[in-house]
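Colleague: Could you take me through this model before I use it? I would like to go through the helix packing, the chain contact and a few individual residues.

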Amino acid sequence: MNVSINGPQIYWESSWSVPLLGKLQITASLVDAWIILVLIGVLCWWLGRGLTVENISKKQAVAELLVTTCQNFVNGNMGEKYAYFAPFIGALFSYSALCSLSSLVGLYPATSDLSTELSWALLVFVMITYTKIRTNGVGGYLKGFTTPIPVFTPFNIISELATPISMAFRHFGNIMSGGVISTLVYAALAVLSQAVFGLLPGALGEILSLIPLFQLGIPAILSVYFDLFSSLMQAFIFCMLTMLYIANAAQTDE
Amino acid sequence: MLDKAIVLAGCAIGAGLALIAGIGPGIGEGYAVGQACSAIGRQPECKGDVTSTMLLGCAIAETTGIYGFVTGLLLIFVAPGMFTGMLG
């Protein structure tokens, strides 16, 4: 039995190296993320074509449903004041969900590479910090670290830095663990079917034990949870946390 | 040879111990879901709000378990290579 659990495959590596970052690499997750981006772009372009005010087509009804759902989602969690966040949240949700779901068609899910989530989390961290500074001013932002008493400053800095790290690791860990557990179950089922069918006498047992029959069907049940439910769940959680943190950052201390 | 064996054994034991972190989120999420169920039982009309809040809370409670899992993964896939490389 050979089980291989690998990171993303590296397609290309530069011969020179960039200071601080090391060698540049083009990995499977990078390529697949770009495939998803192009897919979302084409889908948006197709859905947004030929819109009319009256006698709307089925396509337009779907597009309107998606846009309205996204706007209601943002308005319900952040308030009307932040309605301009709807496109960002919609893009983040569709990107994250489609990246995780791409494992269903055999692509390497970009979300099971920590770099993807870490870049999203850093983007969100920049937005949170920007919102805090815009609300309280630079002085107020820096003063916020010394609350309630100056002794707490190191802990406040750690808790500030923990936000992007925990967001990234939560998403990464969930998708990654799904992949690892699916691989292990798949390998274990192959061994099990070899052992069970090997008990059959004669040539029948020898032939059947070569075919991992238990791999049919059973992994699909796991896939429903790990691929479908977990992917959509994590995309939802990531967007929800983004909205909550940004809305929270915009609240002024009385 | 022996020192490498000790490093590998330590990594494997550590990975197993790291997954003890799964107990806490299990208990916490079970409690949260139980409370959400009783809340829905008392007030079925606020099912949507309760469900979305519960899922968010569960995801946050899961974080510590995920940390344990990531630590376990690092101990299995990254640490042995790193430490045996240090031994030379």
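**Helix packing, chain contact and core**

Modeller: In chain A, the residues A:V74, A:N77 and A:M78 of α2(A) meet A:M240, A:M243, A:L244 and A:A247 of α7(A). By class, this contact of α2(A) with α7(A) has 6 nonpolar, 1 polar and no charged residues. Please note that this is a predicted model.

Colleague: At what angle do the axes of α2(A) and α7(A) cross?

Modeller: They cross at roughly 40 degrees, and the axes come within 9 Å. That makes α2(A) oblique to α7(A). The crossing is right-handed.

Colleague: Turning to the two chains, how many residues does each give to the contact?

Modeller: Chain B gives 8 residues and chain A gives 9 residues. On the side of chain B that touches chain A, the elements giving two or more residues are α3 (47-61) and α4 (63-77) of chain B. Of these, α4(B) gives the most, with 5 residues.

Colleague: And what is the make-up of that side of chain B by class?

Modeller: The side of chain B that touches chain A has 7 nonpolar residues, 1 polar residue and no charged residues.

Colleague: Which residues meet where α5(A) packs on α4(B)?

Modeller: From α5(A), the residues are A:S166, A:F169, A:R170, A:G173, A:N174 and A:S177. They meet B:T63, B:I66, B:Y67, B:F69 and B:V70 in α4(B). The residues of this contact divide into 5 nonpolar, 5 polar and 1 charged.

Colleague: Are α5(A) and α4(B) roughly parallel or roughly perpendicular to each other?

Modeller: The axes of α5(A) and α4(B) cross at roughly 65 degrees and come within 9 Å. The two helices are therefore roughly perpendicular to each other. Their crossing is left-handed.

Colleague: Let us stay with chain B. Which residues of α1(B) and α5(B) meet?

Modeller: In α1(B) they are B:D3, B:K4, B:V7, B:L8 and B:C11, and in α5(B) they are B:A79, B:P80, B:F83, B:T84 and B:L87. By class, the contact of α1(B) with α5(B) has 7 nonpolar, 1 polar and 2 charged residues.

Colleague: What is the geometry of that pair?

Modeller: Helix α1 (residues 2-18) and helix α5 (residues 79-87) of chain B have axes that come within 10 Å and cross at roughly 155 degrees. The helices α1(B) and α5(B) are therefore roughly antiparallel to each other. In passing α5(B), α1(B) makes a right-handed crossing.

Colleague: Now the core. How many residues are in the largest nonpolar core?

Modeller: The largest nonpolar core has 31 residues. Those with the most contacts inside it are A:I36, A:C99, A:M167, A:F238, A:C239 and A:M243. Two or more residues come from each of α1 (28-47), α2 (58-78), α3 (86-101), α4 (114-143), α5 (153-198) and α7 (218-249) of chain A, together with α4 of chain B.

Colleague: Which element gives the most to this core?

Modeller: That is α7(A), with 8 residues.

Colleague: What does A:C239 touch?

Modeller: Not counting residues up to four places away in sequence, A:C239 touches A:I89, A:L92 and A:F93.

Colleague: A change of topic: where is A:A110 found, and is A:A110 buried or exposed?

Modeller: A:A110 is found in the loop between α3 and α4 of chain A. With 29 other C-beta atoms within 10 Å, A:A110 is buried, because the cut-off for a buried residue is 20 or more. Setting aside residues up to four places away in sequence, A:A110 touches A:S29, A:D32, A:A33, A:I36, A:C99 and A:T116.

Colleague: And A:F155, buried or exposed?

Modeller: A:F155 counts as exposed, with 10 C-beta neighbours inside 10 Å. This residue is found in helix α5 of chain A. The C-alpha atoms of A:F155 and A:F145 are separated by 8.7 Å, and the two residues are 10 residues apart along the chain.

Colleague: Last one: what is A:L222 in contact with?

Modeller: Leaving aside its neighbours within four places in sequence, A:L222 is in contact with A:S182 and A:V185. A:L222 is found in helix α7 of chain A and is partly exposed, with 14 other C-beta atoms within 10 Å. Its C-alpha atom and that of A:I181, 41 residues apart along the chain, are separated by 8.9 Å.

Notes: Residues are numbered from 1 along each chain as its sequence is written. Chains are lettered from A and ligands numbered from 1 in the order in which they are written. This is a predicted model: local features need pLDDT of at least 70, side-chain atom pairs count only at pLDDT 80 or more; totals for chains, interfaces and linings use all residues. Axes are lines fitted to C-alpha atoms, for helices over the stretch in contact, and angles run from 0 to 180 degrees between N-to-C directions. Helices (H or I, at least four residues) and strands (E, at least two) are DSSP runs, numbered from the N terminus. Angles under 35 degrees count as roughly parallel, over 145 as roughly antiparallel, 65 to 115 as roughly perpendicular and the rest as oblique. A crossing is left-handed if the near helix is turned anticlockwise from the far one by less than a right angle, and right-handed if clockwise. Two residues are in contact if their C-beta atoms, placed from the backbone, lie within 7 Å. Ala, Val, Leu, Ile, Met, Phe, Trp, Tyr, Cys and Pro count as nonpolar, Asp, Glu, Lys and Arg as charged, and the others, Gly among them, as polar. A nonpolar core is a set of buried Ala, Val, Leu, Ile, Met, Phe, Trp, Tyr and Cys residues joined through C-beta atoms within 7 Å. A residue is buried if 20 or more other C-beta atoms lie within 10 Å of its own, exposed if 12 or fewer, and partly exposed in between; C-beta atoms are placed from the backbone.
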